[in-house]
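Try each task before reading its solution.

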Amino acid sequence: MSSGTGPLTGIRVIEFGHFIAGPYAGAILADLGADVIKVEDPDRVDDARLTGPHFLDGQSLYFLALNCAKRSLAVRLSNPSGHEAVLDLVASADVVLDNFRPGVMAKLGLDADTLEGVNPQLVTCSLTAYGETGAYAGRPGYDYTIQALVGAMSLTGEPGGPPGKAGISYIDHSGGLACALAICAALLERHRSGQGRHVDLALVDTQISMLTYLASWLLNSDAQTDRTASASHPSLVPAQNFATRDGWVSVFVGNDRQWHHLTQALDDARLLDPGYTTNAARTRNREAVLALVAENLAVMSMAEATDRLVAWGVACSPVYTVAEALNCEPARDRGLVQEANHARYGRYRHASGPIPALGGDGAVGAPTLGEHSEAILHELGYDQMRIDALLAGGAIANSPNPETVT
C-alpha cells in the first residue's frame, strides 16, 4: 500500500489496467502517494502477469516492474455480487482509470456515465489506442502499431534500410505519463468545481503531440523527413553517434558556441576553417565536418572522448547498453534503481518512478492476485460473514496477505 507520504496521499485510484500504458500510469500515481487498487478478474488477469520469459518465484518480472505499491482486488465482474462490490469501491474512490478498448468498460457495466451516477465527484480516464471518437476508435492498437502510424518508425534506422522501432515501449510509457498528468489536472479542476469529469485520452494523441518541431516544419514549409545516418539530427551538425576505439559516443553540438568548444577539445586546426563557423555553414559542408570529427574520435576510447568533450562543455555520452545504463553514475546518484520487497516472492530491483523528487513507494512490491481483497472490502464496511459468502460464491478471490519483508 502507499506509504501515505506523497503529494497524492489520500487519493484513491481504481485501476483497470493491462500490459504497460494503464499500469504505468497507475504506478506513477502510486509512487506519488495515491492508494492505487488494481482490479482484475481472476478469469482474465492483467496479461502482464503471464508475460515471460523472466519470473521470480512464479511472479512475472514484467508485471512486477509495472505494479509496485499497488493493492490487488480480484473480483469476477460478471458475478452480480462482485459487480456490486466494485461499485461500492467506486463510491469510495477519487479516480478510475482503464486502458481497455472503447466499449469494454460499458460491457462490464462500468462506463463513465454509470460510474458518475455512483460518484459524481469521480474522475475517470480511459487511455486507449485511438480514442473514443473517430473512425479508428474501435481498432486494436499497441505500442508497435502506434509507432508505425505516427511516423516514428519511418524515422528510425539507417537510410535505405527498413523502418525500425524504438528500443523501448516509449508510446505506452509516455501515454501512461500523459494519463497520470491528465488525472492530476482533473483532480485539481475537481478541487475548484466540486465535480468530476471523464477524460478520453489516446496514445495517438500523445504521440502526434510529440512530433512538435517536425510537425511545424512539415505543416509550414517544404521540409521532408527521413531516416538519417548514425542517428544524426536533421538540422544540427555535428549531432549524432560517432565510433571510438572501443564503442560509440553520442555528441550533440547544439549551437555555434559549443562548436567552438568542440574545436578546442579536439585541437585539430582543420576544424577552424571559416566555412565551419556557423551551423548553416556546417550543414552545407556536412560530409566534410562529420568526416573530420569522426577521424578525431575514432582514435580515442569512449571514456577519453567523453571526458575530453564534457570538460570543454560539449554534450557527449557513451552509447551504453541497458545494463550499463542501470549501473551508470546518474542512476546511482539519483537513486533511479530501487529494491522492492515482498514476503511471497522475495526481493527484486526495478527502475524508480519518473519523478524521484516526489516519489517514494518503490520499495513496496507489486501485489499477488487478490492479495488485498479482504482488507479492501473490510474498509468498505463489509463484515467477515459477507466477505466469506463472496469468497464461497466465487465473486471475489484472495491470496493470503503476507507480512512485508524488512
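**Exercise 1. How do β9 and β10 pair, and over how many bridges?**

Solution. Strand β10 covers residues 247-252, and β9 pairs with β10 in the antiparallel sense over 6 bridges. Strands here are DSSP runs of E with at least two residues, helices are runs of H or I with at least four, and both are numbered from the N terminus. Two strands pair if DSSP finds at least two bridges between them. Now locate partners. Phe-242 has Val-249 in β10 as its bridge partner. Ala-239 is bridged to Phe-252 of β10. Finally, look at the link: a hairpin of 2 residues joins β9 to β10.

The model is predicted: local features need pLDDT of at least 70, side-chain atom pairs count only at pLDDT 80 or more, and totals for chains, interfaces and linings use all residues. Residues are numbered from 1 along each chain as its sequence is written, and side-chain values use heavy atoms, leaving out hydrogens and water.

**Exercise 2. Is Glu-15 buried or exposed? Find its surroundings.**

Solution. Go to strand β1 (residues 12-16), where Glu-15 is found. Glu-15 has a relative accessible area of 0%, so it counts as buried. The cut-offs are under 20% for buried, over 50% for exposed and partly exposed in between, using a 1.4 Å probe and protein chains only. Beyond four places in sequence, Glu-15 touches several residues, among them Gly-22, Val-36, Asn-67 and Lys-70. The side chains of Glu-15 and Lys-70 form a polar contact of 2.5 Å. A polar contact is a pair of N or O atoms within 3.5 Å; within protein, one must be able to donate a hydrogen and the other to accept it, and residues adjacent in sequence count only if both atoms are side-chain atoms.

**Exercise 3. Which backbone nitrogen does the side chain of Asn-79 reach?**

Solution. Find the loop between β5 (71-75) and α3 (80-91), which holds Asn-79. The side chain of Asn-79 reaches the backbone nitrogen of Ser-81 at 2.9 Å.

Key: Contact means heavy atoms within 4.5 Å.
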